[in-house]
Amino acid sequence: MSKKTKTILAVVLLLVVVAAAVGAYFLWGPPAQKRAAEAADAGKTHITLVVVHGDGSEKEFAIATDEVTLRGALEQEKLIEGNESEYGLYVLTVDGETADEAQQQWWCLTKDGEMTATGVDDTVIADGEHYEFTLTTGW
């Protein structure tokens with residue numbers, strides 16, 4: 001085989017490897033991962049939760065869920081903990097901060113700034129809704 005033929009074969013082989021790498025990127029790379037994530041997210045309910053901590057800092061969570069109630073969505077994200085009562089879950093901890101009942105602290109649940117008439121167990125969620133949990137002091 002001549003030197004010219006070897007060079008041509010090497011160039012062709014290099015082009016095949018580059019084409020395969022580009023094809024793999026488009027097939028399995030970030031664009032494909034993004035499409036897969038979007039497909040998995042389709043049909044879910046999207047809500048926003050803002051947590052206002054005792055020090056006044058705020059943290060926002062975008063939640064996509066198949067759950068029907070606020071409790072289900074927040075427990076799915078491991079954002080709330082509390083005690084079971086005859087009325088449902090009494091929320092004591094939100095985003096890792098626990099209300100100090102000795103200081104009369106409690107978590108106030110609001111939807112678009114208005115107090116909810118139901119607790120997390122009975123609050124049915126809908127796509128695009130915004131909720132807030134604010135650590136409040138004083139009964």
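Visitor: How do the residues lining the largest pocket divide into nonpolar, polar and charged?
Guide: This is a predicted model. In it, 19 residues line the largest pocket. They divide into twelve nonpolar, five polar and two charged.

Visitor: Which lining residues lie nearest the centre of the largest pocket?
Guide: The pocket holds about 400 Å³ of space. Nearest the centre lie L89, Y90, W107, G119 and V120.

Visitor: How many residues lie between β3 and β4 in their hairpin?
Guide: Strand β3 covers residues 80-85, and strand β4 covers residues 88-94. The strands run antiparallel, joined by six bridges. Between them in the hairpin there are two residues.

Visitor: What is the bridge partner of I80 in β4?
Guide: I80 belongs to β3, which spans residues 80-85. Its bridge partner sits in β4. That partner is V94.

Visitor: Which strands are the edge strands of the open five-stranded sheet?
Guide: The sheet has the order β2-β1-β8-β6-β7, and its pairing is mixed. An edge strand here pairs on one side only. The edge strands are β2 (58-65) and β7 (114-115).

Visitor: In which sense do β1 and β8 pair, parallel or antiparallel?
Guide: Strand β1 takes in residues 45-52, and strand β8 takes in residues 130-137. Five bridges link these two strands. The sense of their pairing is parallel.

Methods
Residues are numbered from 1 along each chain as its sequence is written. This is a predicted model: local features need pLDDT of at least 70, side-chain atom pairs count only at pLDDT 80 or more; totals for chains, interfaces and linings use all residues. Side-chain values use heavy atoms; hydrogens and water are left out. Two strands pair if DSSP finds at least two bridges between them. Helices (H or I, at least four residues) and strands (E, at least two) are DSSP runs, numbered from the N terminus. On a 1 Å grid over the protein atoms alone, a cavity is a set of points where a 1.4 Å probe fits but cannot get out, and a pocket is an open set with protein on both sides within 12 Å along at least five of seven lines; lining residues have an atom within 4 Å of a point. Grid points are joined across faces, edges and corners, and a volume is the space filled by probe spheres set on the points. Ala, Val, Leu, Ile, Met, Phe, Trp, Tyr, Cys and Pro count as nonpolar, Asp, Glu, Lys and Arg as charged, and the others, Gly among them, as polar.
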